[in-house]
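Thanks for coming, everyone. I'll take one chain today and walk through it piece by piece. Please have the picture up while I talk.

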Amino acid sequence: MPPVTDRFIATLEEKKRQSTLQLLMKCARLVNEHALRQLPKMPGPAPRPAHTTLFPHIDHEGTRLTELAKRVGVTKQAVGQLVDDLVAMGIVERRPDPNDGRAKRVHFTRLGRRRMLQGLDHLLKVQDELDHALDGVLAELHPLLLPLHDHLVSQSEET
């Protein structure tokens, strides 16, 4: 296999910087890592970034493991291990699927719901810190992202 050249790397990095969507994805990852590093220590094991990637994909009425795997883009076995970890932490639980007695849905526990709200409060603090460091750019970005969010949510509900 030919070696990766400096020219390729420079071209790749320039294309990444030109892509608004690439920047959004990378910033989301970096903010998640930053927020987790600053998370106040709580009793028990702390969720890792791999765990937190599941949180937005768990619906209020619970979500089947196969659907979580599809949404996250990994195997059912990989999601199953992350869910097992979160069950051991008391964050989520598996409950019978009311539509299929053989299947289970992943739900947040009472502790998990409380931690979700605490996590969102923490994110707002991190957001304020970053917004201050960036002279208000996040406050300007928020109303610009809402239409994108709403459009993508409506598109995902159609499929």
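Let's start at a single spot. Just after H6, Asp135 has a positive phi of about 55°. Keep in mind that this is a predicted model. Why mention that angle? Most residues other than glycine have a negative phi. Asp135 is not a glycine, yet its phi is positive, near 55°. Where does Asp135 sit? It lies in the loop between H6 and H7. Is Asp135 buried or exposed? Asp135 has a relative accessible area of 71%, so it counts as exposed.

Now step back along the chain into H6 itself. Helix H6 covers residues 110–133, which is 24 residues. From first C-alpha to last, H6 reaches 35 Å.

Which residues of H6 are buried? They are Gly112, His122, Val126 and Asp131. What do they pack against? Three elements: helix H2 (20–38), strand S3 (100–108) and helix H7 (137–158).

Take H7 from that list. H6 and H7 pack at an angle of about 115°, and their axes are 7 Å apart. On the H6 side, Gln127, Leu130 and Asp131 make the contact. On the H7 side, it is Val137, Leu138 and Ala139. By class, that contact has 4 nonpolar residues, 1 polar and 1 charged.

How many bridges join S1 to S3? There are 2, and these strands run antiparallel. For a landmark, find Thr63, which stands opposite Val106 in S3.

What lies across the sheet?

The largest nonpolar core has 15 residues. Those with the most contacts inside it are Leu68, Val79, Val83, Leu86, Ile91, Val92 and Val106. Which elements give two or more residues to it? Helix H4 (65–72), H5 and S3 do. H5 gives the most, with 5 residues.

Look at Leu86 in particular. Leaving out residues up to four places away in sequence, Leu86 touches His51, Leu54, Phe55, Ile91 and Val92. Ile91 and Val92 are also on that list of core residues with the most contacts.

Last, the whole chain. It has 7 helices and 3 strands. From the N terminus on, the elements run α-α-α-β-α-α-β-β-α-α. The C-alpha atoms fill a box of roughly 55 × 45 × 35 Å, taken along the principal axes. Of the 159 residues, 21% count as buried. Among contacts between residues at least 6 apart in sequence, 43% join residues at least 24 apart.

That's my tour. Questions, please.

Terms used: Residues are numbered from 1 along each chain as its sequence is written. This is a predicted model: local features need pLDDT of at least 70, side-chain atom pairs count only at pLDDT 80 or more; totals for chains, interfaces and linings use all residues. Side-chain values use heavy atoms; hydrogens and water are left out. Helices (H or I, at least four residues) and strands (E, at least two) are DSSP runs, numbered from the N terminus. The expected span of a helix is 1.5 Å times one less than its number of residues. Buried means under 20% relative accessible area, exposed over 50%, partly exposed in between (1.4 Å probe, protein chains only). Contact means heavy atoms within 4.5 Å. Axes are lines fitted to C-alpha atoms, for helices over the stretch in contact, and angles run from 0 to 180 degrees between N-to-C directions. Ala, Val, Leu, Ile, Met, Phe, Trp, Tyr, Cys and Pro count as nonpolar, Asp, Glu, Lys and Arg as charged, and the others, Gly among them, as polar. Two strands pair if DSSP finds at least two bridges between them. A nonpolar core is a set of buried Ala, Val, Leu, Ile, Met, Phe, Trp, Tyr and Cys residues joined through side-chain atoms within 4.5 Å.
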